[in-house]
Amino acid sequence: MIAANDSQRSGEAVFLPEAENHRAYRNALGSFTTGVTVVTAMSPSGPIGMTVNSFASVSLDPPLVLWSPAKNSSKHDAFANASHFAIHVLGAGQDHLSAAFTRGGAAFDGLEVEINPQGVPVLPGTLARFECMQQALHDAGDHTIIIGRVTRVAHRQGDPLCFSQGRFGRFAV
């Protein structure tokens, strides 16, 4: 067993996640490699989309997934009030889609978009797509956890787009 102070010798920084070390905390979170998704929905003012890496499977039976938008996002309330949404898992080489839906991105401009039967804008050709009906909302600090019941799935073979330590990449075997 290693004493807590010995961890400093291994190059490991140990700290409490507080306001003064916000960047260190974000860097530590960034060491967890995630996939990259774009979540879309229809709002009263038209189609909306957001690049998100907070996607996870919750349950197989019933089929539930989650994602969590920041409460300070200008799109938060529109997503929280959307009865249906779609989560698009991006493939390697689709980082242009990720960029389109980040703050200041062009969003749907110039993209092929279809509208599903529930009125949700969907992006064809992504690695996977989970079309969902909102199941529940949960308060989670500065985010809201949105749980969706998956009603339809699209999937193709390919490599996922990965995000780690502030950069996009591919999974290498």
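Helices here are DSSP runs of H or I with at least four residues, strands are runs of E with at least two, and both are numbered from the N terminus. On that count the protein chain has 3 helices and 12 strands.

This is a predicted model, in which local features need pLDDT of at least 70 and side-chain atom pairs count only at pLDDT 80 or more, while totals for chains, interfaces and linings use all residues. Residues are numbered from 1 along each chain as its sequence is written, and side-chain values use heavy atoms, with hydrogens and water left out.

Overall figures, then. The C-alpha trace spans about 60 × 40 × 35 Å along its principal axes. Of the 173 residues in the chain, 35% are buried, meaning under 20% relative accessible area with a 1.4 Å probe and protein chains only; exposed is over 50%, and partly exposed lies in between. The chain exposes about 10500 Å², and carbon and sulfur atoms supply 54% of that; the areas come from the Shrake-Rupley method with a 1.4 Å probe.

Strand 1 is joined to strand 11 (residues 161-164) by 2 bridges, and Gly35 has Cys162 as its bridge partner in strand 11.

Strand 12 also holds Arg167. This residue is exposed, at 56% relative accessible area. Its C-alpha atom is separated by 9.8 Å from that of Thr33, 134 residues apart along the chain.

Last, the largest pocket. A pocket is an open set of points on a 1 Å grid over the protein atoms alone, where a 1.4 Å probe fits, with protein on both sides within 12 Å along at least five of seven lines; lining residues have an atom within 4 Å of a point. The space in this one is about 1800 Å³, and a volume is the space filled by probe spheres set on the points. It is lined by 47 residues, of which Arg26, Thr51, Val52, Asn53 and His143 are the closest to its centre.

Which element gives the largest share of the lining? Helix 1, with 6 residues. Other elements that each supply at least two residues include strand 3 (46-52), helix 3 (95-100) and strand 11.

Methods
Pairing = 2+ DSSP bridges.
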